[in-house]
Amino acid sequence: MGLTKFAVSSAAKICQPVATLRNVIRNLAVNTSGGSGYADHSRAHLALAEDTVKVPLVIGTPESLRGYAYIFPSSREAFDKAEVDIEQWPRCSGMRPLCESSGRAGGVREGLFTFRWVGDELQAINEAVDGSYITGRLLNTEIGMKRKGVVTREANYHPDGGQIVSPRDKRPFVALLALPSDDITPNKFVAFYCDGSFGIHINTNVWHQPVYPVDDEATFFGKQGAVHACVAYDSIDEHGKWLYVPLDPESAIDLPQHLKPH
């Protein structure tokens, strides 16, 4: 999940007032990694039905998440024990392979991942990679009611390793994911409703956005590969469509056959 540099201490980032947090994200969101936070969401709330693809919502379980992620209990102890899968990096294009013992020395970065709904915007700070983003907005037609869904246009994956997020306070969240493929389209995404009882390890090369909390605020324990290579997708630039991510578990369906790993 993308990278943005800004000179604010970790403690200040968590405790600062809402208005200040908004200014930090807007004024200093210069993304240098190509991950989250690079796309313009200023008009997302105006998305029309014909310009939007509704992503199917599925209840997250070990079986439904197979191929996308694996789960573990949402406790600090379980988070500390969970290991990030690290791939050899970089990949060699020639005939000679990397030595087996090399290419994994970048290590892992860890930090809190804090989310807050401010009006119709979801704002996020990822301490593990010094990132700050606006990751989506509510539709104009849904403002003022129970949050039914969020609109976004971006996703990314990490070829150098996986990523772990675990709710610190066991609050529910939705993870927007798609199976590995560079031939990505809006209809290949699925949203997984996670009830807060478990964290997830997003697998290497799986497309994702920062998770979407259901409550007004949520904090997650997070860790990922320190190399933090990102491959990005913008659904508006590439396909002229917004992604509508449902948040209400009452709208969940079984995982469609075409979204199951082969």
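Strand 12 is largely enclosed by the rest of the structure, because 5 of its 5 residues are buried, where buried means under 20% relative accessible area, exposed means over 50% and partly exposed lies in between, with a 1.4 Å probe and protein chains only. Strands here are DSSP runs of E with at least two residues, helices are runs of H or I with at least four residues, and both are numbered from the N terminus. The model is predicted, so that local features need pLDDT of at least 70 and side-chain atom pairs count only at pLDDT 80 or more, while totals for chains, interfaces and linings use all residues. Residues are numbered from 1 along each chain as its sequence is written, and side-chain values use heavy atoms, with hydrogens and water left out.

Two strands count as paired if DSSP finds at least two bridges between them. Strand 3, which spans residues 69-73, pairs with strand 12 in the antiparallel sense over 5 bridges, and within this pairing Ile71 stands opposite Ile200. Strand 9 also pairs with strand 12 in the antiparallel sense, over 3 bridges, and here Ile164 stands opposite His201.

In soluble globular proteins, nonpolar side chains tend to be buried together. A nonpolar core is taken as a set of buried Ala, Val, Leu, Ile, Met, Phe, Trp, Tyr and Cys residues joined through side-chain atoms within 4.5 Å. The largest such core has 46 residues, and those with the most contacts inside it are Phe189 and Ile200. With contact defined as heavy atoms within 4.5 Å, and leaving aside neighbours within four places in sequence, Phe189 is in contact with residues including Val55, Pro56, Ala155, Leu176, Trp207, Tyr233 and Leu259.

**Salt bridges**

A salt bridge is a side-chain nitrogen of Lys or Arg within 4 Å of a carboxyl oxygen of Asp or Glu, and the structure holds 13 of them.

| Pair | N to O distance |
|---|---|
| Glu110 and Arg76 | 3.1 Å |
| Arg153 and Asp237 | 3.4 Å |
| Asp169 and Arg168 | 3.4 Å |

Salt bridges that share partners join Arg76, Asp80 and Glu110 into one network. The side chains of Glu110 and Arg76 meet in a salt bridge; Glu110 lies in strand 4 (residues 108-118) and Arg76 in helix 3 (residues 76-81), so the pair ties together parts that are 34 residues apart in sequence. Glu110 is partly exposed at 44% relative accessibility, and Arg76 is partly exposed at 39%.

Arg153 forms a salt bridge with Asp237, and this pair links distant parts of the chain, with Arg153 in the loop between strand 7 and strand 8 (154-157) and Asp237 in helix 4 (residues 235-239), 84 residues apart. Arg153 is buried, with a relative accessible area of 10%, whereas Asp237 counts as exposed at 61%. In the pair of Asp169 and Arg168, Asp169 counts as partly exposed at 40% relative accessibility, and Arg168 counts as partly exposed at 39%.

**Loop residues**

Most residues other than glycine have a negative phi, and most peptide bonds are trans. Lys170, which is not a glycine, has a positive phi near 60°; Lys170 lies in the loop between strand 9 (163-167) and strand 10 (173-178) and is partly exposed at 48% relative accessibility. Asn205 likewise has a positive phi, of about 75°, although it is not a glycine. The loop that holds Asn205 runs between strand 12 (198-202) and strand 13 (207-208), and Asn205 is partly exposed, with a relative accessible area of 24%.

Lys146 belongs to the loop between strand 6 (131-137) and strand 7 (149-152) and is exposed, with a relative accessible area of 59%. The C-alpha atoms of Lys146 and Leu247 are separated by 9.7 Å, although these residues are 101 residues apart along the chain.
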